[in-house]
Amino acid sequence: MTEATYMRRALELANASDGSVAPRPPVGAVIVAPDGEIFEGRTKRKPGPHAEAEALLAAGDRARGATIYVTLEPCTVAVSKPVSCAQLLIEAGVARVVAAMQDPCPDVDGRGFAMLRDAGIEVEVGSCGDEARALIEPFAKWITTGEPFVTLKLAASLDGKVAAPDGTSRWITGEAARAEVHDLRRRVDAVVVGSGTVVADDPALTFRTPGLEGDQPLRVVFDSSGRTPANAQIFDNAAPCVVIAADEGEWPAEVVRVPRADGGVDIAEALRVLGGRGLCHVLVEAGPTLAGAFVSGGLVDRLVLYLAPKIIGGDAPGLFRDGVKTLTDAWHMRVDDVKRVGDDIRIDARPVR
């Protein structure tokens with residue numbers, strides 16, 4: 001096996017933790033002992049171990065003289081554990097550390113590499129770095145700003161309609177696209193909808209595709225008028241739920257009050273509340289009103305748009321209820337990827353700021 005193969009396996013392990021370890025970043029580690037035996041670990045939710053600690057526990061004495069491939073710089077801060085990962089590697093006698101990237105956490109940020117080098121351990125950085133950075137992008141934003149990374153997911157017909165004139169919207173996209181959305185939900189810490197979506201669609205907001213493992217995301221409803229039905233699916237026991245409300249209301253879930261802004265919930269304040277709870281990645285599955293508020297407020301980090309090969313036409317609702325008044329004020333996006341998913345098209349884009 002090549003070194004790149006070991007790092008890709010570490011990334012696979014990290015991917016298995018994505019969406020289930022916040023506020024920790026998803027990290028994977030592969031230890032290759034001098035005799036070639038392999039030991040693996042991935043970060044678990046607190047108070048479980050970090051990836052390096054789990055791999056070292058599996059390797060035991062065979063870690064001495066080994067090389068460890070890890071997707072993120074080993075930490076130097078012993079939080080909820082007696083010893084930092086960098087210190088554990090030093091004590092285990094690891095000879096070499098190959099890391100994909102430096103930790104963006106201000107408390108680490110190169111200190112782990114320096115600590116390892118000072119102990120005489122060889123350190124190499126950069127293998128599969130782009131893939132590792134993409135995987136921890138939500139954590140990187142949260143750890144440096146205190147606010148979650150926001151992915152806005154939308155689905156529409158080719159002519160940009162999100163529902164028929166009679167309000168029916170299930171299912172605009174096909175099974176393959178819906179399966180991808182379930183995997184998106186697995187990878188995030190919370191799924192956000194507006195009360196309008198709950199009233200119209202009564203979504204479950206959980207991932208239910210066979211084979212997907214991990215913690216269900218927190219379900220969050222933004223309600224500015226108290227109209228979320230108390231018997232909605234989101235209040236079942238499949239996953240926890242929080243209602244973020246601007247007005248009075250009672251629901252069978254935790255309720256968080258935030259100020260009103262622009263006629264609805266103060267979205268920026270709501271995101272700060274979620275970030276304060278250690279939620280790094282939020283998926284917004286919004287209707288036209290909330291989607292427009294997120295985009296116009298500059299609160300979207302990534303847009304995932306599914307277009308189905310259907311044309312609805314007429315006065316059916318579009319992707320955004322309110323928009324700009326002139327073309328020069330249009331919300332500019334950078335398209336990163338266009339991909340066919342079953343019969344649908346997925347566009348990945350980011351705001352140009």
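Let's start with a helix on a sheet. Helix α7, residues 175-187, lies across β6, β7 (190-194), β13 (281-284), β14, β15 and β16 (344-351). The helix runs at about 160 degrees to β14. Lying across implies contact, meaning heavy atoms within 4.5 Å. Axes are lines fitted to C-alpha atoms, for helices over the stretch in contact, and angles run from 0 to 180 degrees between N-to-C directions. Helices (H or I, at least four residues) and strands (E, at least two) are DSSP runs, numbered from the N terminus.

Ground rules next. This is a predicted model: local features need pLDDT of at least 70, side-chain atom pairs count only at pLDDT 80 or more, and totals for chains, interfaces and linings use all residues. Residues are numbered from 1 along each chain as its sequence is written, and side-chain values use heavy atoms, with hydrogens and water left out.

Nine strands make an open sheet with mixed pairing, ordered β10-β9-β8-β7-β13-β6-β14-β16-β15. Two strands pair if DSSP finds at least two bridges between them. β10 (254-257) and β15 (333-341) each have a single partner strand, so one side of each is left without a neighbour in the sheet. Neighbouring strands are turned by 20 degrees against each other on average, direction ignored. Leu 152 stands opposite Leu 303 in β14.

β1 (28-32) pairs with β2 in the antiparallel sense, over five bridges. Ile 31 has Phe 39 in β2 as its bridge partner.

Is Thr 67 buried or exposed? Thr 67 has 14% relative accessibility, so it counts as buried; the cut-offs are under 20% for buried, over 50% for exposed, partly exposed in between, with a 1.4 Å probe and protein chains only. Beyond its neighbours within four places in sequence, its contacts include Ile 31 and Arg 96.

The largest cavity has a lining of 15 residues, and among the closest to its centre are Asp 18, Asp 189 and Cys 280. On a 1 Å grid over the protein atoms alone, a cavity is a set of points where a 1.4 Å probe fits but cannot get out; lining residues have an atom within 4 Å of a point.

Key. 1 Å grid on protein atoms, 1.4 Å probe; cavity = no way out; pocket = protein on both sides within 12 Å on 5 of 7 lines; lining within 4 Å.
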